[in-house]
Amino acid sequence: MREKLKCAVIGATGMVGQRFLTLLENHPYFEVTAVAASARSAGLTYEEAVSGRWKMSAPIPEAVRSMTVLDASKIEEIGNRANFVFCAVDMKKDQILALEEAYARAEIPVISNNSANRWTGDVPMVIPEINADHLAVIEAQRKRLGTSRGFIAVKPNCSIQSYVPALTPLRKYGLREVLVTTYQAISGAGKTFDSWPEMIDNVIPYIGGEEEKSEREPLKIWGELRGGEIVAAKTPLVTSQCIRVPVSDGHTAAVFMSFENTPPRETILEEWKSFRGLPQLLGLPSAPEQFITYFDEDNRPQAKLDRDLYGGMGVSCGRLRTDTMFDYKFVGLSHNTLRGAAGGGVLIAELLYRQGYLG
């Protein structure tokens, strides 16, 4: 049995950091050996630092409960305790860019949940089932950074994972136009109903920055490695609206799509059923057995019933039917803090580990 790699969670006191810790408890590849946050939490035990603001249904993992929280800016100290880090900090974008690059230059690989580096040309933004080949750009990134081991890899926006997986195997039919509206859970804002009571019985038709991410990030995921960077795809054209709804977890997407060569409905269903990626082929610990699950019932998928499919790592679809303006429409669902955030980050780390990038 291989010795586990040591990892640290940076931004460990926030909601996504908490989720990372619960997912990494007893992980077969990784062991959490350090937790870090802002200077105001440094020096406290982890239990003290999250007192009154632990947001997970599972208890604080025993292995980290008594750990002393480190200052996230103390890179050398954290590097002495961990082989790589998961980053989920709540800081301004320019500060995140500087922090993540500083870790990478210190030869500490970074798997980031943040958006700051998603459009850095030589930073792979990965949904492991879809664009695992983009990890090859790490070689070019290391040359730029002057590192032999350090690099940054990022997870894409949480909401796009409710529809990009379903669209990916259909691009071969000349996917031309996509219109999507996402209905996003409050945990995407790091909130619960206790901390955000004004969301009860309410819908907010705006989420800052989400529509740009929804329209642009799929194109990088579908892009190709060229000249030491990822060049975004030019098609399909994607337009979106993003709405905050009173749901605790789970982002739902209503999707409309048009094709150059419109496939039959049965073909689309078979494409979804047979869609496998490298995580499934490698049997990675966090990989869902079935990447996309289709529900025949008219009232599925539902966030409350289906967001935890395959431990929250499965994507579900339903209501595929023809449309009066587009060729087809359907509904997608993914768990935003599992598949869309910490779980997606852990799956990226598992893939990096198996491919030798974290060794």
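1. Let me start at a surface spot in this predicted model: Asn299 is exposed, since its relative accessible area of 52% is over the 50% cut-off. Asn299 sits in the loop that runs between strand E12 (292-295) and helix H12 (303-306).

2. The peptide bond joining Arg300 and Pro301 is cis, with omega at about 5 degrees. A cis bond is also found from Thr235 to Pro236, where omega is near 5 degrees. Pro236 belongs to the loop between strand E9 (229-231) and strand E10 (237-244).

3. Pro301 turns up again among the contacts of Ser316. Ser316 is part of strand E13 (residues 315-322). Is Ser316 buried or exposed? Ser316 counts as buried, because its relative accessibility is 1% and the cut-off for buried is under 20%. Leaving aside residues up to four places away in sequence, Ser316 touches Thr293, Phe295, Pro301, Asp306, Leu309, Val331, Gly332 and Leu333.

4. Two backbone angles deserve a glance. Asn26 is not a glycine, yet has a positive phi of about 60 degrees; Asn26 is in the loop between H1 and E2 and counts as exposed at 70% relative accessibility. Tyr310, again not a glycine, has a positive phi of about 50 degrees. Tyr310 is placed in the loop between H12 and E13, and at 37% relative accessibility Tyr310 counts as partly exposed.

5. Now to the sheet. An open sheet is built from 6 strands with parallel pairing, in the order E3-E2-E1-E4-E5-E6. Which strands stand at the edges? They are strand E3 (70-71) and strand E6 (152-154); each has a single partner strand, so one side of each is left without a neighbour in the sheet. Helix H1 packs on this sheet and touches strand E1 (5-10), strand E2 (30-37) and E4, with its direction at about 160 degrees to that of E1.

6. E1 and E2 run parallel and are joined by 6 bridges, and Lys6 stands opposite Glu31 in E2. E1 is mostly covered, with 5 of its 6 residues buried. Strand E4 (residues 84-87) pairs with strand E5 (residues 110-112) in the parallel sense over 3 bridges; here Phe86 stands opposite Ile111 in E5.

7. Finally, the largest pocket, which holds about 1300 Å³ of space. It is lined by 46 residues, and those closest to its centre are Val16, Ala88, Val89, Asp90 and Asn114. The elements giving two or more residues to the lining are helix H1 (15-24), helix H5 (93-105), helix H9 (210-221) and helix H13 (338-354). Which element gives the most to this lining? That is H1, with 4 residues, and H1 is also the helix that packs on the sheet described above. By residue type, the lining of the largest pocket divides into 14 nonpolar, 21 polar and 11 charged.

Definitions and conventions. Residues numbered from 1 in each chain as written. Predicted model: local features only at pLDDT ≥ 70, side-chain atom pairs only at ≥ 80, totals over all residues. Heavy atoms only, no water. 1 Å grid on protein atoms, 1.4 Å probe; cavity = no way out; pocket = protein on both sides within 12 Å on 5 of 7 lines; lining within 4 Å. Points joined across faces, edges and corners; volume = space filled by probe spheres on them. Nonpolar A, V, L, I, M, F, W, Y, C, P; charged D, E, K, R; others polar. Buried < 20%, exposed > 50% of the residue type's maximum accessible area, 1.4 Å probe, protein only. Contact = heavy atoms within 4.5 Å. Pairing = 2+ DSSP bridges. Axes fitted to C-alpha atoms, helices over the stretch in contact; angles between N-to-C directions.
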